[in-house]
Amino acid sequence: MGKRKNDAIWVAVLTIISCFIIWHVFHWYYIGMYLKMFDWIGTDSTYIVVLYNLGLMLGVGFVLGFLMKKITDLVGYKVRETKHFEQEEVGNNK
Amino acid sequence: MITLPMIGVEVSILLMVFIGFAVGILSGFIGVGGGYLMTPALIILGLPANIAVGTSMAWIVGNSIVGTIRHRQLGNIDIKLGLVMIAGTICGVEVGVRLLNLIKNTGFADAIILSVLIIMLIAIGIPTFREVRERKAHLDKALKNKARLPPAKRSSSIGRRLQGLNIPPVIRFAKSRLTISLWPILAIGFVTGILAGFVGVGGGFIILPSLIYLIGLPSFLAVGTGLFQIIFSASFGCIRHTMSGNVIISIAFLMLLGSSVGTQLGALITQYVRGISMRYVLVISILLCVIGSILKLIDLLLPAPTPWLQEGALAITFGGMGLVVIMIAGLFIMAIRYRQGLPVPAWVVSLVAKDD
């Protein structure tokens with residue numbers, strides 16, 4: 001499978017996951033689940049809220065981060081590594 | 001609009017996504033979590049201070065992951081250094097969250113948090129501004145004389161003293177070309193963590209100048225390493241703030257949707273500009289944040305709410321965010337023009353001239 005096709009599949013999969021997460025958050029907001037979870041804090045169920053909040057942020061961060069990376073790969077944008085120890089030591093070489 | 005019944009506040013979905021996008025560009029470009037802009041912005045929008053702090057912290061978790069993924073690709077992360085700092089940071093976050101919970105019910109929480117934020121921003125902003133101004137003058141002079149540019153200072157005098165500390169264990173960080181005692185790194189992580197937990201910032205605006213001026217890291221390596229380290233400090237902070245009932249996850253999520261795009265753009269623009277540009281933008285964003293926070297603080301301390309102060313704080317915080325985003329976009333356009341051999345203003349050359 002070519003790299004471009006591979007990137008396209010990744011973009012499609014990650015987009016579907018992102019859309020699902022967005023739907024899930026709005027759905028839970030509208031059915032009042034977040035309000036219910038807010039009331040769980042300070043009870044024995046606090047750990048569920050902690051795991052959910054952290055998991056959601058970590059999960060969405062990874063999914064969106066990789067989605068953006070794969071989109072730039074797909075459009076053929078070349079990301080070059082930064083030359084940290086030459087950057088400010090070399091003169092104007094326009 | 002989205003209603004938050006747990007705190008009785010209504011916020012706009014689009015505004016939240018836009019704020020996330022704007023702060024995300026800044027975050028990706030200068031390598032801060034963005035909490036130091038996000039927390040006052042949420043307070044100004046009417047969220048109670050403790051909720052603004054906790055929600056910012058949750059958002060920073062996701063946003064710093066998005067930025068880290070891109071900065072890793074750019075080769076801007078010293079993972080070993082980041083991991084070593086985390087030990088100090090996590091202890092600091094615990095202390096910071098306990099301090100926040102102590103003042104939460106005093107009735108002065110908003111004023112105290114804003115005061116600490118203002119003092120810290122001024123303490124960081126003034127020396128950074130001086131260094132950046134001096135450095136730019138050097139670069140301008142060297143470019144004018146078509147001479148080799150003066151080598152970048154790898155650290156301040158305090159930094160050289162810290163690096164000279166010979167207290168074991170002394171660790172070698174190959175990626176950063178640095179050999180330093182473990183203790184200064186842990187100390188910087190600890191102080192950063194206290195601020196992260198107390199003020200709701202990931203600590204980036206402390207970590208970044210510390211890594212550049214005290215540890216001696218090149219600017220963009222500091223950007224990526226700072227963001228990587230913030231994932232852990234912010235995750236710990238998110239757990240503690242959730243346990244204290246300070247997080248509204250739906251708001252953090254909306255902001256993350258916007259910032260995931262903004263952070264990518266900010267990180268990619270670092271490829272086109274010199275490290276000093278990043279430090280310039282950092283100083284300007286700190287200045288804007290200080291002015292907005294001072295207005296809000298005056299409003300809080302006055303016996304009755306003053307509409308013009310609230311509107312002023314709102315205008316400076318959000319107008320400033322827009323201004324900084326325009327500045328970064330402007331630098332990017334100038335860098336492209338310079339690379340293509342098109343004319344650019346003389347004062348911009350030292351900010352964008354870079355090796356290929």
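A residue is counted as buried if 20 or more other C-beta atoms lie within 10 Å of its own, as exposed if 12 or fewer do, and as partly exposed in between, with C-beta atoms placed from the backbone. By this criterion Ile276(B) is buried, since 21 other C-beta atoms lie within 10 Å. The structure is a predicted model, in which local features need pLDDT of at least 70 and side-chain atom pairs count only at pLDDT 80 or more, whereas totals for chains, interfaces and linings use all residues. Residues are numbered from 1 along each chain as its sequence is written, and chains are lettered from A, with ligands numbered from 1, in the order in which they are written.

The predictor assigns the complex an ipTM of 0.85 and a pTM of 0.78. For chain B the average pLDDT (the predictor's confidence in each residue, from 0 to 100) is 79, and 92% of the residues score at least 70. Chain A contains 3 helices and 0 strands, where helices (H or I, at least four residues) and strands (E, at least two) are DSSP runs numbered from the N terminus. The elements of chain A follow the order α-α-α from the N terminus, and 20% of its 94 residues count as buried.

In chain B, helix α10 (residues 249-269) has 21 residues and reaches 30 Å from its first C-alpha to its last, close to the 30 Å expected at 1.5 Å a residue, the expected span being 1.5 Å times one less than the number of residues. A bend of about 35° occurs in α10(B) at Ser259(B), the bend being the angle between axes fitted to the seven residues ending there and the seven starting there. Because 18 of its 21 residues are buried, α10(B) is largely enclosed by the rest of the structure.

Ile276(B) is placed in helix α11 of chain B, and its C-alpha atom is separated by 8.5 Å from that of Ser350(B), 74 residues apart along the chain. Helix α11 (residues 275-301) of chain B packs with helix α1 (residues 13-30) of chain B at an angle of about 135°, with their axes 9 Å apart; axes are lines fitted to C-alpha atoms, for helices over the stretch in contact, and angles run from 0 to 180 degrees between N-to-C directions. The helices α1(B) and α11(B) are therefore oblique to each other, given that angles under 35 degrees count as roughly parallel, over 145 as roughly antiparallel, 65 to 115 as roughly perpendicular and the rest as oblique.
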